[in-house]
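Student: I would like to go through this model by question and answer. Please end each answer on the value or name asked for.

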Amino acid sequence: MAKKREERETNVYLNGVIDAMPVFAKELIAGGVAGGVAKTVVAPLERIKILFQTRRSEYQSLGLFGSVKKIAKTEGPMGFYRGNGASVARIVPYAALHYMSYEQYRRWIILAFPDGGRGPVLDLVAGSLSGGTAVLFTYPLDLVRTKLAYQVVGSPKLKLQGIMNNEQLYKGIVDCFSKTYKEAGLRGLYRGVAPSLYGIFPYAGLKFYFYEKMKRYVPPEQKSSIMVKLVCGSVAGLLGQTFTYPLDVVRRQMQVQRLFASNSPEMKGTMESLVLIAKQQGWKQLFSGLSINYLKVVPSVAIGFTVYDVMKAYLQVPSRDEGVKEVVTSKTTSQPSSIHS
């Protein structure tokens, strides 16, 4: 009896905390959890994709399964998660800002242009703006994640046999931050941000656009189905990623260029780097790792959207239309107030 009473009291307390939270805080939490779960599930594929994009000669010839064997042999199981700590540290605030700002931009656009309609174009614009916002706030963490994932560390046994040299430059997230800042200052922490922004604006916008567009064709009785959300999210991620993938390759190579031991010219601008990679490495390099990215995007985007919707339901976040109605009502019945309320 005492245990049940304690559980009821805990549930009442948690419900009280959830009710007291503003909507934007609930959306931040839901987005952060969704991003962290999705990123951890696909971390091994993300590591291999980065190695394909940046260590072309070493890993592309091996293929997907050959790369899996090499990482398992030289670095062990944890090698598949190298850089994932920085990745999760980046994706949690990134996803939290991405989803929350998407909802906020969507509300602001509806309030500013009430006659503009609420179709997929609205989601395209709101998604693009939210993607750019999230990138600007979290880009240094993405840079650090890429540098850590780029490192290939041999197992102690292989190093003793003299088979593999240890190329490790950074000991961890803090060490990578510190050395990058000392080497190039704040600009070094934002190296490659331009192609990231060029890529995220269309990708984030298209992702939300396709997701909401497909949901419009789902019968009402199926809209709450998790499988339907997984399918819509997967297709949306695939379509959005295909159009913007070359910019992702440019971003990765710009991020790790200072780690290359080569005499190739420095990559400065986004378009200049795009042309340079196509000329020196071939146009196929601009799509290197895309097949792996498809395998990664399908579960990542699908899990992200699904977990986000589940978390919103758990945190009692009102539907988008209800949220807009609450804001409009509060503005008409009193002085203009914050949309966050």
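**Burial, helices and contacts**

Tutor: Of the 341 residues of the protein, 50% count as buried. Keep in mind that this is a predicted model.

Student: How many helices and how many strands does the secondary structure of the protein come to?

Tutor: Read along the sequence, the pattern is α-α-α-α-α-α-α-α-α-α-α-α-α-α. The count for the protein is therefore 14 helices and zero strands.

Student: How many salt bridges does the structure hold?

Tutor: A pair counts if a side-chain nitrogen of Lys or Arg is within 4 Å of a carboxyl oxygen of Asp or Glu. The number of salt bridges in the structure is seven.

Student: Which residue does the side chain of Arg-107 meet in a salt bridge?

Tutor: The salt bridge of Arg-107 has an N to O distance of 2.4 Å, and its partner is Glu-27.

Student: How many residues apart in sequence are the parts that Arg-107 and Glu-27 tie together?

Tutor: Arg-107 is in helix H6 (residues 84-112), whereas Glu-27 is in helix H2 (residues 23-41), so the pair joins parts of the chain that are separated in sequence. The separation in residues is 80.

Student: Is Glu-27 buried or exposed?

Tutor: The cut-off for buried is under 20% relative accessible area. Glu-27 has a relative accessible area of 1%, so Glu-27 is buried.

Student: Which helix holds Asp-123, the partner of Arg-106?

Tutor: Arg-106 is in helix H6, and Asp-123 is 17 residues apart from it in the chain. Both ends of the pair are buried, Arg-106 with a relative accessible area of 9% and Asp-123 at 2% relative accessibility. The helix of Asp-123 spans residues 120-150 and is H7.

Student: Which residue forms a salt bridge with Asp-309?

Tutor: The closest N and O atoms of this pair are 3.6 Å apart. Asp-309 lies in helix H13 (residues 290-314) and its partner in helix H11 (residues 226-256), so the pair ties together parts 80 residues apart in sequence. Asp-309 is buried at a relative accessible area of 17%, and the partner, also buried at 17%, is Lys-229.

Student: How many disulfides does a search of the whole structure find?

Tutor: A disulfide is a covalent bond between the sulfur atoms of two cysteines. Among the cysteines, Cys-176 is buried at 0% relative accessible area, and Cys-232 is buried at 5%. The number of disulfides found in the whole structure is zero.

Student: How much accessible area do the residues of the nonpolar patch on the surface have together?

Tutor: The patch is formed by Met-227, Val-231, Val-235, Leu-239 and Phe-243. One of these, Val-235, is in helix H11 and counts as partly exposed at 30% relative accessibility. Together the patch residues have an accessible area of about 470 Å².

Student: What volume does the largest cavity have?

Tutor: The search of the whole structure finds six cavities of 30 Å³ or more. The largest cavity has a volume of about 660 Å³.

Student: Which residues lining the largest cavity are the closest to its centre?

Tutor: The lining of the largest cavity has 35 residues. At least two residues of that lining come from each of H2, helix H3 (43-54), H6, H7, helix H10 (193-215), H11 and H13. The closest to the centre are Lys-39, Arg-90, Tyr-94, Ile-200 and Tyr-203.

Student: How far apart in space are Gly-131 and Tyr-102?

Tutor: Gly-131 lies in helix H7 and is buried at 0% relative accessibility. Gly-131 and Tyr-102 are 29 residues apart in sequence. From C-alpha to C-alpha, the distance between them is 8.0 Å.

Student: What distance separates the C-alpha atoms of Asp-248 and Ile-50?

Tutor: Asp-248 is found in helix H11 and is buried, with a relative accessible area of 8%. Along the chain, Asp-248 and Ile-50 are 198 residues apart. Their C-alpha atoms are separated by 10.0 Å.

Notes:
Residues are numbered from 1 along each chain as its sequence is written. This is a predicted model: local features need pLDDT of at least 70, side-chain atom pairs count only at pLDDT 80 or more; totals for chains, interfaces and linings use all residues. Side-chain values use heavy atoms; hydrogens and water are left out. Helices (H or I, at least four residues) and strands (E, at least two) are DSSP runs, numbered from the N terminus. Buried means under 20% relative accessible area, exposed over 50%, partly exposed in between (1.4 Å probe, protein chains only). A disulfide is a pair of cysteine sulfur atoms within 2.5 Å. Patches are made of residues with over 30% relative accessible area and no salt bridge: like charges are joined within 9 Å, nonpolar side chains (Val, Leu, Ile, Met, Phe, Trp, Tyr) within 5 Å. Accessible areas come from the Shrake-Rupley method with a 1.4 Å probe; for residues, only the protein chains shown count as cover. On a 1 Å grid over the protein atoms alone, a cavity is a set of points where a 1.4 Å probe fits but cannot get out, and a pocket is an open set with protein on both sides within 12 Å along at least five of seven lines; lining residues have an atom within 4 Å of a point. Grid points are joined across faces, edges and corners, and a volume is the space filled by probe spheres set on the points.
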